[in-house]
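Welcome, and thanks for taking a look. Please have the sequence and the model open side by side as you read on.

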Amino acid sequence: MSDYLYSSELIDKICSIENIIIYGAGIMGKALKMCLEAAPYNKKIECFLVKDIIGNPKIIDGIPVKSISDCNYYKEREIIVALNEKNMSSAILDLESAGFARYIELGANSEDWSYIKGEYFYTNPDKCYVPYIPIECVENNNNLTRNIKPIVYVAKSIFDKKISSFCSNNSFEKYIQVGAALADKVIADVCDDYGDNISTENRIYCELTALYWIWKNEQAEYVGLEHYRRRFDISENMLIDVLEQDVDVIVTIPVINTDGIGESYSRVHSRSDWEMLKNSVSKQYPEYINSFNYVEKQNYFFPYNMCIMKKTVLNRYCEWLFPILKELRDLIGDKEDVYQNRYTGFMAERLLNIFLYHNRKKLKIVVSKKKFLN
C-alpha cells in the first residue's frame, strides 16, 4: 500500500499507470482529471474516451476526447471508467464490445473515488474554503474524559430501496423515520412526526425533516444526521476521541463540480431557483451574501446534508437555514417532477457550505470518510 492518507489497492493500481486514459467526459471524468493531475498523484491525462463523440466536446482543458470506435491503439491499455454506478454496466458492455479488455471501474459512490477527492483536498489545502482537517489527523488528548454521548440519527423512509450490504450500527446511531406523517406504518423507534415537526413536508424537504426534528426535539451535546445508505465511516472510539478535542462540526469528503457550485446547480436543477435562493439569503441575511458569492464559484461542496455538530452549533445553523428554505418553499411551491421537487434538500446541501465558510474562523471543522451501502 502507498503512503497516502487515503489509500486502497485500486488507488495503488491507478497510481502505477504512467499515462491516464479516462472513459467518461462528464462531471466525474473532469473531476478525476483535476484530482489526478494535482499533487500527490501528478499524473498525465492522455485522453478522454466516450462511446460517441456526437454530443461531447472534442477537447477538455487541452485533453482530446475520442470515440472508442476510433481508438484501436488503446485496446491494450488500462482504462479508468469514471461514471455513476447506474451507467457502469452499459459502459463496460460498450468497451468490451469495442474490444477493450482492461479497465478499472471507479463509480461515483465508491470509497475509492471519495479517497481520491480527499487526498486532493488534503494535499492541496489552498483549494479549500475551510481548513481541511481529516479526522485521522486530529490529535488525541488522552487526559480528556468528558463522557460525551453523541446521537447521530439515520434517516430512513418506507420508500427506501433494500440494502444488500451488511452494516452493523454503532451505539451512537439511531434510526429516525422521515415522512412518518405520510406513511401507513412505523419502521423506526423515532419518527419525525411528533413534537415540533415538519414531517408532512418530507417530499420536498427530504432528510431535512429529520434535521428539523433534531433541532427542535433533541438535547444531546452532539447530534448528527446521516442516511440509510450513506454513513460516516468512523468508529465509536474515534468519534468520541475527536469530539473530546472540542470539534464543532464533522462533514464528509467533498464532491466536486468542476464548473462551479452555482453553475452546476443551475444546469442540473434550476437557474431561476438558484437566483431566488441568492435573493433570499441577501434579503434575510445580508451579512452572508459575500460568502454566498464566493462559495457559489467554488468547485466543490460538502454533500448530502450529512453532519455531526455540537447541538449549540446545529441550533445556530438551523435557525439560519430553515427561514431561507421556508421562503423558497412559499415562492416555488410544488414541482411536478418528483426528483426536482426535492429542491429544498438540494439547496440545503449548498447552504451548509455557505454557513461553514462564513463561520470558518469560529468553528473547528473536521472531515470524515463515508461509506455507501449498496
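## The sheet

Strand S1 (residues 19–23) and strand S5 (residues 79–83) run parallel and are joined by two bridges; strands here are DSSP runs (E, at least two residues), as helices are (H or I, at least four), numbered from the N terminus. Tyr23 has Val81 of S5 as its bridge partner. Strands count as paired if DSSP finds at least two bridges between them.

Six strands make up an open, mixed sheet in the order S3-S4-S2-S1-S5-S6. Strand S3 (59–60) and strand S6 (103–107) are at the edges with a single partner strand each, so one side of each has no neighbour in the sheet.

## About the model

This is a predicted model, in which local features need pLDDT of at least 70 and side-chain atom pairs pLDDT 80 or more, while totals for chains, interfaces and linings use all residues. Residues are numbered from 1 along each chain as its sequence is written, and side-chain values use heavy atoms, without hydrogens and water.

## Aromatic contacts

The structure holds 25 aromatic pairs (ring centres of Phe, Tyr or the six-membered ring of Trp within 6.5 Å; planes under 30 degrees apart are stacked, over 60 edge-to-face, the rest tilted). One of them, Tyr212 with Phe322, is edge-to-face, at 5.2 Å centre to centre and 85° between the planes. This pair links distant parts of the chain, 110 residues apart: Tyr212 in helix H6 (residues 208–217) and Phe322 in helix H10 (residues 311–332).

Tyr212 is buried at 13% relative accessible area, and Phe322 is buried at 7% (buried is under 20%, exposed over 50%, partly exposed in between; 1.4 Å probe, protein chains only).
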